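Colleague: Could you walk me through this model? I have a handful of things to ask.

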Amino acid sequence: LLFFGINVAFMPFPLFLSQSLKATNSQVFLINLAKSIVDTFFYVPMGHWMVRRRGLGLQAQAIAARAVLFGLCAMLAFAQAGQRGLLVIVLVQILNGVTWAAISVSGPTVVATLASKGTEARSIGTYNAVLGLAGITGNLAAGYLVQWQGYVVSFSTAAVMMVLTAGLMWGLRRREPSPESRSLSTEAL
């Protein structure tokens, strides 16, 4: 659900920038580059942050933030903001970079933590296969949504999926071992 929704928002994103917000090719490139720089900068801090906290909580918070960010994209599409919306989009992409760092660090960590001993690598492999499938289906869904319903519906659908996913992740937190119990089991080895 998470990665399906992310792809529903991000597959049409460059087209949204150029068609709806009238961004030039250079602006599209720089906006996406800014997100990549930000998420790269935040990977290590998110890893350090994860040592002391539960990954599902971090993931739920990052996903909830993405719901707001995708909602902002829907509002910009609805308002037909044009070039005026580019400054908001830069901020959205910077925050998307931070949330992506949180999601991409916490996801495999949570999978490994919840996996049975000895099945961690297989579980992470399955997790990545599901990500790939969600990418394929999310991209297909985004294409149809944008073609037949427009950017507002595509971004709104992604925002609703993020809200649902954040709620599910928040509810699963009780199944995740605490950082203290993880360190105790590691020390026992």
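Colleague: What should I know about the ground rules first?
Modeller: This is a predicted model, so local features need pLDDT of at least 70, side-chain atom pairs count only at pLDDT 80 or more, and totals for chains, interfaces and linings use all residues. Residues are numbered from 1 along each chain as its sequence is written, and side-chain values use heavy atoms, with hydrogens and water left out.

Colleague: How far apart are the axes of helix 1 and helix 6?
Modeller: Helices here are DSSP runs of H or I with at least four residues, numbered from the N terminus. Axes are lines fitted to C-alpha atoms over the stretch in contact, and angles run from 0 to 180 degrees between N-to-C directions. Helix 1 (residues 2-10) packs on helix 6 (residues 120-148) at about 40°, and their axes are 7 Å apart.

Colleague: Which residues of helix 1 meet helix 6?
Modeller: Contact means heavy atoms within 4.5 Å. On the helix 6 side, the partners include Y127, L131, A134 and L145; on the helix 1 side they are F3, F4, N7 and V8.

Colleague: Why do we say the length of helix 6 fits its residue count?
Modeller: The expected span is 1.5 Å times one less than the number of residues. Helix 6 has 29 residues, so it should span 42 Å, and this agrees with the distance between its end C-alpha atoms, 41 Å.

Colleague: And which helices do the buried residues of helix 6 pack against?
Modeller: Buried means under 20% relative accessible area, exposed over 50%, and partly exposed in between, with a 1.4 Å probe and protein chains only. The buried set in helix 6 is Y127, A134, G135, G138, A141 and A142. Those residues pack against helix 1, helix 4 (55-79), helix 5 (86-114) and helix 7.

Colleague: Is T165 buried or exposed?
Modeller: T165 sits in helix 7 (residues 151-172), where it touches L1, L2 and I63, leaving aside residues up to four places away in sequence. A polar atom of its side chain lies 2.7 Å from the backbone oxygen of M161. Its relative accessible area is 4%, so T165 is buried.

Colleague: Which side chain does the side chain of N96 make a polar contact with?
Modeller: N96 lies in helix 5 and is buried, at 1% relative accessible area. Beyond residues up to four places away in sequence, N96 touches F10, K35, R66, L69 and F70. A polar contact is a pair of N or O atoms within 3.5 Å; within protein, one must be able to donate a hydrogen and the other to accept it, and residues adjacent in sequence count only if both atoms are side-chain atoms. At 2.9 Å, the partner of the N96 side chain is the side chain of Q93.

Colleague: Is I37 buried or exposed?
Modeller: I37 belongs to helix 3. From I37 to T157 is 120 residues in sequence and 27 Å in space, C-alpha to C-alpha. With 53% relative accessibility, I37 counts as exposed.

Colleague: What is the phi of K22?
Modeller: Most residues other than glycine have a negative phi. K22 is in the loop between helix 2 (13-20) and helix 3, and is exposed at 52%. Although K22 is not a glycine, its phi is positive, about 60°.

Colleague: Where is Q80 found?
Modeller: Q80 is another non-glycine with a positive phi, about 50°. Its relative accessible area is 64%, so Q80 is exposed. Its place is the loop between helix 4 and helix 5.

Conventions: Helix = DSSP H or I, 4+ residues; strand = E, 2+ residues; numbered from the N terminus.
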